[in-house]
Amino acid sequence: MNTKYSDLIDQTYYFPQEEFNLDGTQLKFHDIDLMELVKKYGAPLKFTYLPKISQNINRAKGWFKSAIEKHDYQGSYNYCYCTKSSHFEHVLNEALKNDIHIETSSAFDINIVEKLKKAGKISDDRWVICNGFKRDQYIENISRLLNGGHKNCLPIIDNYEELDLLSEKIEGKFQVGIRIASEEEPKFEFYTSRLGIGYKNIVPFYKKQLEENEQVDLRMLHFFINTGIRDTAYYWNELNKCLKVYIALKKICPTLDSLNIGGGFPIKNSLAFDYDYAYMVDEIVNQIKLACEEAHVDVPNIFTEFGSFTVGESGGAIYEVLYQKQQNDREKWNMINSSFITTLPDTWAISKKFVMLAVNRWNDEYERVLLGGLTCDSDDYYNSEQHTNAIYLPKFKKDKPLYIGFFNTGAYQDTIGGYGGLQHCLIPQPKHILIDRDENGELTTRLFSEQQNAEDMLNILGYDRNN
């Protein structure tokens with residue numbers, strides 16, 4: 001019988017895959033020797049494989065370039081990185097190697113932009129697209145950036161008050177965009193996004209506050225669907241509604257020349273993942289061109305704001321299975337040496353799935369298990385995998401350490417998990433490793449942060465401040 005873990009994976013999926021392959025009985029990820037990583041740094045650990053960021057940026061640029069050439073599309077394509085996916089300097093440094101722009105979400109993002117400008121990583125000709133609900137500090141920071149000469153800073157108007165707030169602080173003429181409040185799928189608990197201005201209200205808003213406003217030019221219409229860019233009737237219907245608004249505005253607003261379709265490209269969450277990125281890009285470009293041609297208006301420059309797609313597939317986490325608990329005649333709990341709630345919070349908060357594979361012992365027999373974290377919380381578990389809501393791993397043996405990897409975890413997990421701060425049940429945040437390639441293509445690793453210790457947390461809690 002084919003009872004080895006390697007047999008299970010081979011029978012269930014096409015394997016090896018672009019980023020995954022085996023070296024004997026051990027898993028490699030982008031040719032990274034994961035067991036060597038564990039031997040050098042220990043586990044648990046998190047890592048970021050920096051070259052994947054540039055790779056995905058250039059994949060997307062390639063898809064849009066091909067579609068624009070195919071359809072003789074007369075507008076340009078502009079790739080923006082959505083910083084809220086991961087604000088870390090090493091992520092921004094890698095992303096900015098690729099002639100991209102930045103999308104911000106809140107006040108302190110602007111401070112990051114200013115740091116990057118001072119370091120020569122961002123020039124004045126880079127677009128800084130400012131999304132999000134804007135109040136005092138965000139308005140102040142956007143205004144400082146614009147008043148300091150960064151004229152390609154583009155605030156996206158989210159509500160009716162923001163234009164006046166910005167106008168009071170910004171010296172001279174500036175440009176803005178308007179965000180459409182998209183209508184959500186019926187499964188949502190609400191009908192319309194809390195972000196932006198409703199479809200029917202955008203043209204009246206423009207006529208009332210922008211058409212005769214000599215200080216402000218409308219440059220961009222912003223559109224984003226919470227469920228992402230998917231080949232569904234819902235997505236294409238919402239895009240069509242957005243294009244109708246763009247066309248109506250373009251006919252009365254000569255300065256409008258850009259359409260921002262937001263982010264939402266999915267990332268690989270299973271070895272069975274299948275998504276035709278090139279087709280989706282081709283069809284988006286085609287739909288925009290057809291709608292504009294029919295209405296006899298110029299096509300817009302296209303902006304995207306990919307966050308998870310940019311950084312998500314660069315990240316991973318490796319844990320050791322510490323112990324197995326047989327809780328009844330059917331359920332075996334493999335306990336990891338960390339916490340899912342703190343290190344991969346989306347697994348707990350939104351039941352998100354990541355690619356999960358054994359790192360070693362692929363020639364051992366497998367068993368069905370449940371995965372639990374270390375916190376005293378009943379929700380600290382990883383509840384399913386791609387095998388029809390089951391998790392299969394090599395059999396637990398006390399004398400044969402088992403390591404498991406979660407992959408494509410690079411977006412949101414560190415910030416949502418409170419990087420560098422308190423962790424649930426005071427389970428320490430694991431060490432973080434940065435992986436890169438040198439000028440010869442050889443892999444390099446360096447420690448970005450150590451595992452938290454007791455002093456770190458006690459200081460945050462106030463115990464050491466008066467000593």
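The chain carries 52 positive and 67 negative side chains, and the centres of the two sets lie 1 Å apart; Lys and Arg count as positive and Asp and Glu as negative, without His and the chain ends, and each charge is placed at NZ of Lys, CZ of Arg, CG of Asp or CD of Glu. The model is predicted: local features need pLDDT of at least 70 and side-chain atom pairs count only at pLDDT 80 or more, whereas totals for chains, interfaces and linings use all residues. Residues are numbered from 1 along each chain as its sequence is written, and side-chain values use heavy atoms, with hydrogens and water left out.

**Overall form**
- The chain contains 15 helices and 22 strands, taken as DSSP runs (helices H or I, at least four residues; strands E, at least two) and numbered from the N terminus.
- Along its principal axes, the C-alpha trace spans about 75 × 60 × 50 Å.

**Burial and contacts**
- Of the 467 residues, 56% are buried, meaning under 20% relative accessible area with a 1.4 Å probe and protein chains only.
- Among contacts (heavy atoms within 4.5 Å) with a separation of 6 or more, 73% join residues 24 or more positions apart.
- Carbon and sulfur atoms hold 47% of the accessible surface, which comes to about 21300 Å².

- Helix α3 (residues 51–70) has 20 residues and reaches 29 Å between its first and last C-alpha, close to the 28 Å expected at 1.5 Å a residue, the expected span being 1.5 Å times one less than the number of residues.
- Buried residues of α3 include I53, I57, A60, W63, F64, A67 and I68.
- Just after α3, D72 has a positive phi of about 50 degrees.
- Helix α10 (residues 277–295) has end C-alpha atoms 27 Å apart, in agreement with the 27 Å its 19 residues should span, and H296, which follows α10, has a positive phi near 60 degrees.

**Loop backbone geometry**
- The F15 to P16 peptide bond is cis, with omega near 5 degrees; P16 lies in the loop between α1 and β1.
- A43 and P44 are also joined by a cis peptide bond, with omega about 10 degrees, and P44 lies in the loop between α2 and β4.
- H30, in the loop between β2 and β3, has a positive phi near 50 degrees and is buried at 12% relative accessible area.
- R361, in the loop between β16 and β17, has a positive phi near 60 degrees and counts as buried at 7% relative accessibility.

Notes. Buried means under 20% relative accessible area, exposed over 50%, partly exposed in between (1.4 Å probe, protein chains only). Accessible areas come from the Shrake-Rupley method with a 1.4 Å probe; for residues, only the protein chains shown count as cover.
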